[in-house]
Amino acid sequence: MDEGTQRAALETALESVAARIEAEKGHLTELDSAIGDADHGANLNRGFQAALEDANGEGDPGEFVKGVGMALVASVGGASGPLYGGSLVHASTEFEDGIDRAASVAFAESYLEKVKDRGKANVGDKTMVDAITPAVHTYKHAIEEEELSALAALTRAVDAAERGVRFTTVIRANKGRASYLGWRSVGHPDPGATSTLYILEALHETAAAYLDGTDEPLAEDAE
Amino acid sequence: MLDSVDGKGTHMKKLINDSADVVSEMLDGMVVAHPEYVRRLEGTNVLTRADAPVDGKVGIVSGGGSGHEPAHAGYLGEGMLDGAAAGEVFTSPTADQLGAMITACDGGAGVLCVVKNYEGDVMNFETAIELAEMEGDTEVEYVVVDDDVAVEDSLYTSGRRGVCGTILVHKVAGAAATRGDDLIEIKRLAERTVERVGTMGMALTSCTTPEKGEPTFDLGDEEIELGIGIHGEPGVERAEIMDADAVTDHLSERVLADLEIEENEVMTIVNGMGATPLMELYIINRRLQELLGERGIETWEGWVGDYMTSLDMAGCSITVLELDAELKELLGAPADTPALTV
């Protein structure tokens, strides 16, 4: 896939993620009002709308992703700015030479590593890490061990993230504002894990529009 | 002015225009009040020293949510801070603005960030430092202040909160930088200050953020809240109202127990939370110094006033710093800022 097509795919992906977050912002805020401070949907939506506005048609895929990350850093606020945006900026260097299956695994691992490091969170703390970790591990396994296509691997990663979100529902929060509730946080899915799942689902939708089952681009006019 | 009417028909009275503009308008007001000390970094909510960056000196920067005035921009000037970033009320500044501040305050000798321990603040400072390192060659270090002895974990933190003791870290780091110490040495001194300082606060009333327009917690007429933070979060214990001496004893006993003071000389701050008459702070200070004297602890210097506030909360905090010769020299060094002159 040439750089122009990658670029177009990334722009479509951003539009898709932004649309999904906008559609779910009320739901995300509702989840956050149960165990947080009821602003996750609005904050994340503000961030992705800013990223859409900032996106210009220049630069390599890495620069594009970095630009999205910077927009999130500048406009989401609180701890989510560094977690969603800063991690994207950090991982964006993996796309400097374009996107292929190996680079996508490196990107995913780099993003996960930064989220865990920045948030000082691990699996089981009831955070976005509980959705990202199984998604990234499953994706890497599917690509490297099973040699599946990126699209097929992403399908599995989304399933894994969904199971991660369900896992956050039944456990007690150890990190973030929800941890203040202690046992009262049990029974509520983590809003950050949930928004992470929505982002992955939107990315999957874009991948399905651009790739066939062998990672070849669909028709030339896939845009 | 009358800004909002809530569903119960009660009014929030504040001297503001639009609640969305409070931070920006405050910063503009500070700049016109103190043009010889501070200027605004264009396109940001960052104030810097008017002469920043100071060539060859380590830059000392801080920042956090607004609502704690005079912290942090009030401490901009010779002998203290070079940069102060203002977030929205009780909300961390964003990493891009912190990054712009770090770059603007680098006089070639690096920058030390003094960060209060709140998850949002720490994560945004860490991200800003990472961005600064990705973009340029600024050498950056940071120190996290966690002086609140009331809680181990809170609504906004892992570990203790950073509160009024932060001002003393500004003072020590600022004096060391002015003296010409290098970044690593200043960081060591700042961390030494953090290790030796403790604070505990209490509230007579909650505070009201311009955004929400109603008190952040309810407190009855005969109740006080002990162990409060500076963001209108509830404290660790609610008690029946007690007199000033009893409040002083309660707060200072907790701080002293935590510090396990070995040296016999300390510096103290009796800090107002924003809406406390100075009269009451002096009454607290009277008992505090009496109590320290009973313990054989000598106060080298005791500040009384509003240093780290929580909007319109009535109440106070007591800070004690265990001194040594090294810290004493830096705390006694000159400082010339809008909010503090030494």
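In what follows, helices of at least four residues and strands of at least two are DSSP runs, numbered from the N terminus. The model discussed here is predicted.

**Chain B as a whole**

Chain B contains eight helices and 14 strands. Its C-alpha trace extends over about 55 × 55 × 35 Å along the principal axes. For 342 residues, a compact globule would have a radius of gyration near 20 Å, and the 19 Å of chain B agrees with that expectation. Of the 342 residues of this chain, 59% count as buried.

**Enclosed spaces in the model**

The largest cavity holds about 90 Å³ of space. It is lined by 14 residues, and those closest to its centre are B:A71, B:H72, B:A73, B:A85 and B:A86. Three elements of chain B, namely α1 (22-33), β5 (59-66) and β6 (83-89), each supply at least two residues of this lining. By class, the lining of the largest cavity comprises nine nonpolar, four polar and one charged residues.

The second largest cavity has a volume of about 60 Å³. Its lining consists of 13 residues, of which B:V163, B:T199, B:I228, B:I230 and B:S317 are the closest to the centre. Strand β9 (residues 197-203) of chain B makes the largest contribution to the lining of the second largest cavity, with three residues. Both domain 1 (20-195) and domain 2 (197-332) of chain B provide at least three residues each to the lining of this cavity. In terms of residue class, the lining of the second largest cavity has seven nonpolar, five polar and one charged residues.

**A pocket in chain A**

The second largest pocket has a volume of about 1200 Å³. It is lined by 39 residues, and A:L10, A:F95, A:F107, A:L154 and A:L203 are the closest to its centre. Two or more residues of the lining come from each of α1 (3-35), α3, α4 (80-91), α5, α6 (129-144), α7 (150-170) and α8 (191-210) of chain A. Among these helices, α8(A) gives the most, with seven residues. The lining of the second largest pocket divides into 32 nonpolar, four polar and three charged residues.

**Salt bridges**

How many salt bridges does a search of the whole structure find over all chains? The search finds 34. Three of them are set out below.

| Salt bridge | N to O distance |
|---|---|
| A:K66 and B:E135 | 2.8 Å |
| A:K114 and A:D117 | 3.6 Å |
| B:R192 and B:D324 | 2.5 Å |

The side chains of A:K66 and B:E135 meet in a salt bridge. This pair crosses between chains, joining A:K66 in helix α3 (residues 61-75) of chain A to B:E135 in helix α3 (residues 119-135) of chain B. A:K66 is partly exposed, at 24% relative accessibility, whereas B:E135 is exposed, at 56%.

The salt bridge of A:K114 and A:D117 lies within chain A. The two residues are three apart in helix α5 (residues 101-119) of chain A and are therefore separated by about one helical turn. A:K114 has a relative accessible area of 9% and is buried, while A:D117, with 44%, is partly exposed. Both residues also belong to a network of salt bridges that links A:K114, A:D117, A:R118, A:K120, B:E126 and B:E130.

Within chain B, B:D324 forms a salt bridge with B:R192. B:D324 lies in the loop between β14 (315-322) and α8 (325-332), and B:R192 in helix α5 (residues 183-195), so the pair ties together parts of chain B that are 132 residues apart in sequence. Is B:D324 buried or exposed? With a relative accessible area of 11%, B:D324 is buried, because it falls under the 20% cut-off.

Definitions and conventions: Residues are numbered from 1 along each chain as its sequence is written. Chains are lettered from A and ligands numbered from 1 in the order in which they are written. This is a predicted model: local features need pLDDT of at least 70, side-chain atom pairs count only at pLDDT 80 or more; totals for chains, interfaces and linings use all residues. Side-chain values use heavy atoms; hydrogens and water are left out. A salt bridge is a side-chain nitrogen of Lys or Arg within 4 Å of a carboxyl oxygen of Asp or Glu. Buried means under 20% relative accessible area, exposed over 50%, partly exposed in between (1.4 Å probe, protein chains only). On a 1 Å grid over the protein atoms alone, a cavity is a set of points where a 1.4 Å probe fits but cannot get out, and a pocket is an open set with protein on both sides within 12 Å along at least five of seven lines; lining residues have an atom within 4 Å of a point. Grid points are joined across faces, edges and corners, and a volume is the space filled by probe spheres set on the points. Ala, Val, Leu, Ile, Met, Phe, Trp, Tyr, Cys and Pro count as nonpolar, Asp, Glu, Lys and Arg as charged, and the others, Gly among them, as polar. Domain bounds come from an automatic or database domain assignment. The radius of gyration is taken over C-alpha atoms; the globule rule is 2.2 Å times the number of residues to the power 0.38.
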